[in-house]
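Here are my notes on the model, point by point. Please read them beside the coordinates.

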Amino acid sequence: GSVIAYFTSAKFLLYLGHALSTWGDRMWHFAVSVFLVELYGNSLLLTAVYGLVVAGSVLLLGALIGDWVDKNSRLKVAQTSLVVQNSSVILCGVILMIIFSFKTQLLTLYHGWLLTLCYILVITIANIANLASTATAITIQRDWIVVVAGEDRSKLADMNATIRRIDQLTNILAPMAVGQIMTFGSPMIGCGFISGWNLMSMCVEYLLLWKVYQKTPTLAHKSAKVEASELKQLNVKKESDMKPTEGVQLIIEKDVTGFEPQQEKEVGCATRIAEPFITFRDGWVAYYNQPVFLAGMGLAFLYMTVLGFDCITTGYAYTQGLSGSVLSLLMGASAVTGIMGTVAFTWLRRKCGLIRTGLISGVAQFACLILCAISVFMPGSPMDLTVSPFADINARLFENEPLPTIASPEPEMIFATGMPNLLNGSIAPANSDPEMSPESVPLISVSLLFTGVIAARVGLWSFDLTVTQLLQENVIESERGIINGVQNSMNYLLDLLHFIMVILAPNPEAFGLLVLISVSFVAMGHIMYFRFAQKSLGKQLFVCHTPDPKAAPDSSPPGNTSTV
């Protein structure tokens, strides 16, 4: 009976819906990059344009998306974003199948402009899908999960950790699955499979959302939008008012019998045009005034790094002689350590409290990344500061050398690592000198680099969960959407800067410098978090305690707005 009750509970249904959604997202994000490379003659141009459009859109529209989440009922937001996201992916898949089937004919029509229009259409619709995915993540992971957990902080921490474990598993398994389909089938078959999956998944997820909504009546109650003046008064409260033992504000708002959108006032055309810009400004101001502003900024700074398993790092590893199979194993190891980080988070939070968990996680992550900094100076490191990071660009600009394209790689190499080598513009290893073949390059440097990156995942994901729960507990209900939307914008901004940094210094000889800059940004992020913790806990910052499990989590009456 207890087993059946768990599998029919709102919590499990939320996990199941998130797993289906994340699996589809990971398959699509992996496949669309490979599709764009395949379509544009093995060039990274379309992939780079797609990445820039996605990052810029979330950066500019994150606050507006969050504001839309706040102003509408939870079920409407979740279902609308789900339908828009999946429908966009299905439409993209159909268009890509048409392009793959009739690419030769499209090239001859209107001097190739029709094919260019198809490329623009694919990138635009894929960007809409990503924006809808952002709205889904905000409403489910930042709002629904808080309501389902109720006022039980331990349950909220466990649910956050489980969501991250699902993310870690799908990050590895979903690209592997679609990669095998595309390797042994064709890109067209891959498009068809992803479109079919999203159609099926959309129907199941829609039903699961409705079930969760029915099983959690409090989801139907949503607090009215707080006026700007009232929000400012809440945000600028002194940190000294916070409880010293935990330093966490859990704001309990007045219950509303039902969510009713505010009545629209008669406004002029100019006011309507200016409204998105005002919302954008107010969102960033409200984010700055949050008591957890420094913690959120600390998390955003961790995105300014090349020390992750993205296309940049895997491309560099390939130039240093690591094979696709080895990189696949390393990615699997990183997923395991990421799951270990979610386990460490729940244990540390019970023993030391939420804020101190972030401190411990930050120290653990930075200590592991020291290995990455040391690897820059070890044998086998290609770092050479005498080589100008712009040498490759200058050579092509002033010596009229053609821009490189990616030599056709083996399919299993792309599908094993996720993306061809981005550092040279070619899939061939950088060490092509016969006297310095990849087999003869000492692997001490690259081994230390990946040891540090993989080990740091424990602290990274524990820290990420800490800041996530701080935002969930500290941001008032009526502002969760816009604040988390701005947080996503900050994350994308720093992520965009890290790609710009790589563009400015694309040579493997300069990668060591990028590693040192990345470690510096991680250090700055954790310094910001330390300052937040110091303000919150004061003299009790380093006094680790074990919370009383028998103590009631919250005792304030629901009709009174107060801090616990």
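1. Tyr6 is partly exposed, with a relative accessible area of 35%. Partly exposed is the range between buried, under 20% relative accessible area, and exposed, over 50% (1.4 Å probe, protein chains only). Tyr6 belongs to helix H1, residues 2-7. Leaving aside neighbours within four places in sequence, Tyr6 is in contact with Lys11, Phe12 and Tyr15. Contact means heavy atoms within 4.5 Å.

2. A word on provenance. This is a predicted model, where local features need pLDDT of at least 70 and side-chain atom pairs count only at pLDDT 80 or more, while totals for chains, interfaces and linings use all residues. Residues are numbered from 1 along each chain as its sequence is written, and side-chain values use heavy atoms, with hydrogens and water left out.

3. The overall picture is helical: the chain has 18 helices and 0 strands. Both are DSSP runs numbered from the N terminus, helices being H or I with at least four residues and strands E with at least two. Of the 564 residues, 52% count as buried. Take contacts between residues at least 6 apart in sequence: 86% of these join residues at least 24 apart. The chain exposes about 25,500 Å², and carbon and sulfur atoms supply 67% of that area. Areas come from the Shrake-Rupley method with a 1.4 Å probe; for residues, only the protein chains shown count as cover.

4. Next, helix packing. Axes are lines fitted to C-alpha atoms, for helices over the stretch in contact, and angles run from 0 to 180 degrees between N-to-C directions. H2 passes H4 in a left-handed crossing. In a left-handed crossing the near helix is turned anticlockwise from the far one by less than a right angle; clockwise makes it right-handed.

5. The H2 side of that contact includes Asp25, Trp28 and Phe35, and the H4 side includes Val89, Leu96 and Lys103. By class, this contact has 8 nonpolar, 2 polar and 3 charged residues. Nonpolar covers Ala, Val, Leu, Ile, Met, Phe, Trp, Tyr, Cys and Pro; charged covers Asp, Glu, Lys and Arg; the others, Gly among them, are polar.

6. H17 (residues 480-504) holds Ser489. Is Ser489 buried or exposed? Ser489 is buried, at a relative accessible area of 0%. Not counting residues up to four places away in sequence, Ser489 touches Val58, Leu59, Gly62, Ala63 and Trp284.

7. H9 (residues 269-288) also meets H17. Their axes come within 9 Å and cross at roughly 90°, so the two helices are roughly perpendicular. Among the residues in this contact are Gly283, Trp284 and Tyr287 of H9, with Val486, Ser489 and Met490 of H17. The classes are 7 nonpolar, 4 polar and no charged residues.

8. H10 (residues 293-301) is another partner of H17. The axes come within 8 Å and cross at roughly 35°. This crossing is right-handed. Gly296, Met297, Leu299, Ala300 and Phe301 of H10 meet Gln487, Met490, Asn491 and Leu494 of H17. This contact has 6 nonpolar, 3 polar and no charged residues.

Note on methods. Angles under 35 degrees count as roughly parallel, over 145 as roughly antiparallel, 65 to 115 as roughly perpendicular and the rest as oblique.
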